[in-house]
Amino acid sequence: MNPKIIASKFTELFDKEAIVVKSPGRINLIGEHTDYNEGFVLPAAIDKEIVIAVAKNDSRECHLFSYDFQESLSFDLDDFERMQGGWGNYVMGVVAQLQQAGYELEGFDLVFGGDVPVGAGLSSSAAVENGVCLALSELFGLNLERMDMLKFAQKAEHEFAGVQCGIMDQFASMMGKDNHAIRLDCRSLEYSYFPIDLGDYQIILCDTQVKHSLADSAYNDRRRECQEGVEAVQKHHAEVNSLRDVSLDMLDEAKEDMSELVYTRSKYVIEENERLLKGCELLEKGDIKGFGQQMYGSHDGLSKMYEVSCKELDFLAGFSKSSKSVAGARMMGGGFGGCTINLVEKSEKEVFEKEIATAYQEAFGKELKIYEVNVTDGTRVVANA
Ligand code: GLA
């Protein structure tokens with residue numbers, strides 16, 4: 001997204017100069033639904049971004065304009081509450097966090113828009129929350145640390161958007177680095193940058209263009225089920241805090257103390273952490289095909305054990321698995337729609353893209369959107385927008 005489009009819309013609407021911030025969406029190579037279980041993830045920021053332009057307006061009012069929805073919204077800094085859904089929550093949620101943390105804000109005007117597809121599992125909401133946080137930090141000279149900003153953004157999602165998300169999306173969008181994935185330990189928040197060197201392969205996302213309406217409540221249900229798993233294991237091992245601390249043997253020991261469903265969910269999480277660790281070793285050795293096998297394993301687990309896939313995602317992952325030019329594929333993000341991530345041989349990508357789009361159209365009567373993405377830096381200020 002060209003930042004100039006948002007900057008000039010801002011000037012048209014508010015007739016003044018703005019601070020402009022860019023904030024990326026994210027992919028995740030492997031490690032799904034592990035973040036809120038204190039496990040590992042391997043995400044990266046991508047060149048699908050939200051741009052935010054903001055300036056003070058010498059009042060206590062905030063005037064917002066969403067370029068993509070062509071809608072405006074205003075709220076009073078001293079009197080606002082969470083809305084019943086809608087994009088305003090991503091801005092108000094961050095404002096509420098900053099105020100709760102004791103930062104003094106003043107009224108502002110804000111325009112935002114971008115090319116992170118909404119509902120595609122690429123974390124457009126985290127991109128907006130992070131971007132708003134950095135924009136306000138710059139505007140009011142708050143000098144916030146990146147680690148604090150991404151935590152405010154996550155809490156905004158919990159309290160205003162109503163999704164009990166883990167830390168992965170906000171972390172990846174805020175801390176992204178050009179051509180690197182982030183190997184993040186979601187327990188300690190220790191992280192290291194991992195060069196994305198895929199040799200003859202490149203990342204291609206296939207967007208089902210579906211988002212099932214139960215996605216948010218099902219997400220919160222999964223969190224609860226994992227917590228139940230932890231509580232059952234704690235009867236045998238009091239020291240356990242999260243599924244991260246649980247081995248398959250420990251889980252089996254406590255099998256009688258939990259439902260079959262909770263057992264299967266917990267087993268998926270433990271196995272997914274193992275797949276990630278193994279996958280990182282394989283990537284380090286340049287074994288892309290080996291890594292791809294871990295991705296297929298991840299998809300299988302997400303679909304059959306964690307039950308967060310859907311028929312469209314299963315179809316796409318299955319199609320990729322039967323294509324010789326694909327090293328690995330899986331559904332990505334929270335699930336129930338959104339994208340698959342595929343590692344496709346560069347020399348074969350046109351053929352692959354054509355074939356998978358045709359097959360999807362035939363199976364579901366829907367267009368498949370395909371994104372070729374590059375890995376970029378995280379949320380940042382744009383000079384000279
Ligand atoms: C969503 C959440 C993340 C993470 C993924 C699943 O994107 O926001 O915190 O849990 O789902 O890995």
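Trainee: How far is a polar backbone atom of G334 from an oxygen atom of the ligand?
Mentor: In this predicted model, that distance is 3.3 Å. The protein covers 92% of the ligand's accessible area, which is 310 Å² for the ligand on its own.
Trainee: And what about G166, what's the distance from its polar backbone atom to a ligand oxygen?
Mentor: That one comes to 2.9 Å.
Trainee: OK, which residues are around the ligand?
Mentor: R26, E32, H33, D35, Y36, C165, G166, M168, D169, Y219, G333 and G334.
Trainee: How does that shell split by class?
Mentor: Evenly, with four nonpolar, four polar and four charged residues.
Trainee: Which pocket does the ligand sit in?
Mentor: The largest pocket.
Trainee: Switching topic, what are the domains of the protein chain?
Mentor: The domain assignment gives domain 1, spanning 3-195 + 376-381, and domain 2, spanning 201-373. Their C-alpha centres lie 25 Å apart.
Trainee: How many residues does the contact take from each?
Mentor: Domain 1 puts in 35 residues and domain 2 puts in 43 residues.
Trainee: Back to the ligand, then: what does each domain give to its shell?
Mentor: At least three residues come from each of domain 1 and domain 2.

Note on methods: Residues numbered from 1 in each chain as written. Predicted model: local features only at pLDDT ≥ 70, side-chain atom pairs only at ≥ 80, totals over all residues. Heavy atoms only, no water. Near = heavy atom within 4 Å. Polar contact = N/O pair within 3.5 Å; in protein donor to acceptor, adjacent residues only side chain to side chain. Areas by Shrake-Rupley, 256 points an atom, 1.4 Å probe, with all protein chains shown as cover. 1 Å grid on protein atoms, 1.4 Å probe; cavity = no way out; pocket = protein on both sides within 12 Å on 5 of 7 lines; lining within 4 Å. Sits in = over half its atoms within 2 Å of the grid points. Nonpolar A, V, L, I, M, F, W, Y, C, P; charged D, E, K, R; others polar. Domains from an automatic or database assignment. Contact = heavy atoms within 4.5 Å.
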